[in-house]
Amino acid sequence: MEHLISGPPERPGVAALAEQVRSGSVSATEVIQQALARAESDQWNCIDHVFRVRAMEQARLLDKRIAAGDRNLPLAGLPYVAKASFDIAGEPTTAGRVAPQGLPAATRDAALVRWLTAAGAIVIATAHMDELALGFLGRNSPAGPTINPRDHRQATGGSSSGSAAAVSAGIVPLALGTDTNGSVRVPAALCGIYAIKPTRSAWSLKGVSPLAPSLDCAGLFAASLKDLRHGYAALAGSDDRFWSKSATDRVGLVGGDYDRLTAPATLHRFRTFRKYLPNTLALKLSHIETAFAAAAIITAYEASKSYEGEMKGNSHLFSEAVAIRLACGLDISPEAYRQARKWQSRIAAELLEILRQVRVLVLPVIPVDQLLIDQEWVELDGPHVSASDAAGLYTRPFSLAGFPVLVVPGRGREPLSCPVQLVGRPGDEPYLFALASQIETLKSDR
């Protein structure tokens, strides 16, 4: 396989393709047949299980609905994949387990899958993921590491590795993932695509395997900002009033700990980007280590509780490394957990106060320019940290807070040469989309 550095292949956008299907100029059956062929020839080790029979049946039913005059289908005929932690009726929900044999089949689709079906989208496959979503790099899967279509030397990021790679490779235009500590945002950044982690609890997690319920959040990947907005609108049920927000000039550019712990090259890229956003406020935040510790304790404690019963009778379902992590989580005292939750509340309150001064925070997604697929350690501005810890360093605080975050990928050149997170207050997703649109129009003065 040759080395690639590229974005997703050029295909019609989500809105355009849905309109073609609604108008009858192309059938859902044709669109889904082509997507299934791409999924079945997966070169990136991103596809877990393909649902050919189900997908084709749904496509034919959709074509009949459209022929009968049904036009209320904003995502008509759109193929997508869902992370393997989402329930698909009639299939076992593996969530990346090493030995899923004997798991019961799901009796109903996950809520988000049902919502997308109602909008006309069709799930064609589940996507590989880090086992139980315990991973930031996309290589902790029974199937082996997912390959990054943008650059096969680099890690995809995790745990929603397969979902991100499927969009980056052009297999599908949209994909569902989950984000507990950064598991949507990190893969989006490393695979060069867009993604959103909405306000926690905005999208139902019913029918999704848990990791840490107080942090877990669904998320959506897309190849372009327009596609992300269209997919988000279909899931959020938003109308024109929702999108009436204009880009705000109340933007806070995050520094402090985020400067201190950033690799010099990445910090230079982000500082260069700052000059393209005038009239912004520089903010020095100092909570990274506290957020990291609190999120680690909450995740380990809640994950161990989520899988405690399964571990007792079916430990063979888990890899040794994950089984050890789950067992260690059981050693965390309830008091330590309560203290971590208190820190979670404090950090959320501090961030909310900051977001009363500015409307959107802007900061890098990860503190380094690259993470090689087999890299174990990274050097920041001084300390060496594990690659996995570094990947989630800048995403954990906003998972703790439960705030919405939109990822704009880096282009490798000015003005935006590194991927950034746009963070808003709960319910402020329209401002994130507005600022992302403004960033897309920025032109280099070179």
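Mentor: Let us settle one term before counting anything: helices (H or I, at least four residues) and strands (E, at least two) are DSSP runs, numbered from the N terminus. Keep in mind as well that this is a predicted model.

Trainee: Fine. How many helices and strands does the protein come to, then?

Mentor: The secondary structure comes to 15 helices and 13 strands. The radius of gyration is 21 Å, close to the 22 Å that the globule rule gives for 446 residues, so the protein is as compact as a globular protein of that length. Along its principal axes, the C-alpha trace spans about 60 × 60 × 45 Å.

Trainee: What share of the residues is buried?

Mentor: Buried residues make up 58% of the 446 residues. As for the contacts with a separation of 6 or more, 76% of them are accounted for by residues 24 or more positions apart.

Trainee: Let me pick a helix. How many residues of α5 are buried?

Mentor: Helix α5, residues 161–168, is mostly covered, with 8 of its 8 residues buried. They are Ser161, Gly162, Ser163, Ala164, Ala165, Ala166, Val167 and Ser168.

Trainee: And what do those buried residues pack against?

Mentor: They pack against the strands β1 (47–50), β2 (79–83), β3 (122–127), β4 (174–178) and β6 (218–222), and also against the helix α6 (185–191). After α5 comes Gly170, whose phi is positive, near 85°.

Trainee: Is Ala133 buried or exposed?

Mentor: Ala133 is buried, with a relative accessible area of 11%, which is below the 20% cut-off. Ala95 also has a positive phi, near 50°, without being a glycine, but its place is in the loop between β2 and α4 (111–118). Ala95 is buried, with a relative accessible area of 1%.

Trainee: Back to the β3 to α5 loop. What does Phe136 touch?

Mentor: Phe136 has its place in the loop between β3 and α5 and is buried, at 7% relative accessible area. Not counting residues up to four places away in sequence, Phe136 touches Asp130, Gly157, Gly158, Asn181, Gly182, Ser183, Val186, Ser388, Ala391, Gly392, Thr395 and Arg396. The C-alpha atoms of Phe136 and Ala390 are separated by 9.1 Å, although the two residues are 254 residues apart along the chain.

Trainee: Changing topic: at what angle do α10 and α12 pack?

Mentor: Helix α10 (residues 288–314) and helix α12 (residues 334–357) pack at an angle of about 130°, with their axes 9 Å apart. Oblique covers whatever is not roughly parallel, antiparallel or perpendicular, and antiparallel needs an angle over 145 degrees, so α10 and α12 are oblique to each other. α10 passes α12 in a left-handed crossing.

Trainee: Which residues meet there?

Mentor: From α10 there are Thr290, Ala291, Ala294, Ile297, Ile298, Tyr301 and Glu302, and from α12 there are Pro334, Ala336, Tyr337, Ala340, Arg341, Trp343, Gln344 and Ile347. The residues of this contact divide into 11 nonpolar, 2 polar and 2 charged.

Trainee: And how do α10 and α11 cross?

Mentor: The axes of α10 and helix α11 (residues 320–329) come within 8 Å and cross at roughly 110°, and the two helices are therefore roughly perpendicular to each other. This crossing of α11 by α10 is left-handed. In the contact, Ala300, Tyr301, Ala303, Ser304, Tyr307 and Met311 of α10 meet Ala323, Leu326 and Gly329 of α11, and the residues divide into 7 nonpolar, 2 polar and no charged.

Trainee: One last residue. Where is Pro74 found?

Mentor: Pro74 is found in the loop between α3 (52–67) and β2, and at 31% relative accessibility it counts as partly exposed. Leaving aside neighbours within four places in sequence, Pro74 is in contact with Ala18, Arg22, Ala119, His230 and Ala234.

Technical notes:
Residues are numbered from 1 along each chain as its sequence is written. This is a predicted model: local features need pLDDT of at least 70, side-chain atom pairs count only at pLDDT 80 or more; totals for chains, interfaces and linings use all residues. Side-chain values use heavy atoms; hydrogens and water are left out. Axes are lines fitted to C-alpha atoms, for helices over the stretch in contact, and angles run from 0 to 180 degrees between N-to-C directions. Angles under 35 degrees count as roughly parallel, over 145 as roughly antiparallel, 65 to 115 as roughly perpendicular and the rest as oblique. A crossing is left-handed if the near helix is turned anticlockwise from the far one by less than a right angle, and right-handed if clockwise. Contact means heavy atoms within 4.5 Å. Ala, Val, Leu, Ile, Met, Phe, Trp, Tyr, Cys and Pro count as nonpolar, Asp, Glu, Lys and Arg as charged, and the others, Gly among them, as polar. The radius of gyration is taken over C-alpha atoms; the globule rule is 2.2 Å times the number of residues to the power 0.38. Buried means under 20% relative accessible area, exposed over 50%, partly exposed in between (1.4 Å probe, protein chains only).
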